[in-house]
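Please keep the sequence and the structure open while reading.

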Amino acid sequence: MPTVHIDKVGEMAIIECAGRFVRTEAALKLRDAVTSQTDAHVVTLDLTEMHALGGGGLGMLVLLQRWAQDHDIRFKLFNPSTPVRDKLNHIDFEIATLEQMMTLLSRIDRQYAGALYAGALLESQFPSHQLSQYS
């Protein structure tokens, strides 16, 4: 049975897909995972462990690419296996390189680190017991 796992990193969602995406149920599971990411600026499908992609799965990727575009979300595919890449060659998908993924993640890490620093600074100026009275 194919699996889908979602990791949120800042404003980016990384959706790890594992198994064979050749049946309708797998395509629907993928659809639900992607379309639940309405607050993300970037959705990346990690296809490292996807071993097969059927026509329904390929059609779902096209639909999800259009959905992301309609919601102003960048939609990227990452590290497709050879059999999956062969299926993707016929359609124009953005396939992120390892370097691009590392750049995206480091940019998000810097933003996250800045937010943590700002939160720690706020906490040092206003201890949590003072802030809790305003919640």
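R74, K76 and E94 are linked in a network of salt bridges, a salt bridge being a side-chain nitrogen of Lys or Arg within 4 Å of a carboxyl oxygen of Asp or Glu. The structure holds four salt bridges. This is a predicted model, in which local features need pLDDT of at least 70 and side-chain atom pairs count only at pLDDT 80 or more, while totals for chains, interfaces and linings use all residues. Residues are numbered from 1 along each chain as its sequence is written, and side-chain values use heavy atoms, with hydrogens and water left out.

- K76 and E94 form a salt bridge in which the closest N and O atoms are 2.4 Å apart.
- K76 lies in strand β4 and E94 in the loop between α3 and β5, so this pair ties together parts that are 18 residues apart in sequence.
- E94 also meets R74 in a salt bridge, at 3.4 Å from N to O.
- R74 is in strand β4 (residues 74–78) and E94 in the loop between α3 (82–88) and β5 (95–96), so the pair ties together parts that are 20 residues apart in sequence.
- Helices (H or I, at least four residues) and strands (E, at least two) are DSSP runs, numbered from the N terminus.

**Exposure within the network**

- K76 counts as buried, at 2% relative accessibility; buried means under 20% relative accessible area, exposed over 50%, and partly exposed in between (1.4 Å probe, protein chains only).
- E94 counts as partly exposed, at 34% relative accessibility.
- R74 counts as partly exposed too, with a relative accessibility of 41%.

**The pair R31 and D32**

- R31 forms a salt bridge with D32, and the closest N and O atoms of this pair are 3.0 Å apart.
- R31 is partly exposed, with a relative accessible area of 31%.
- D32 is partly exposed as well, with a relative accessible area of 41%.
- In general, side chains of opposite charge can pair when their charged atoms come close.

- T44 lies in strand β3, which covers residues 42–53.
- At 1% relative accessibility, T44 counts as buried.
- Leaving aside residues up to four places away in sequence, T44 touches M12, A13, I14, I15, K76, F78 and M101, where contact means heavy atoms within 4.5 Å.
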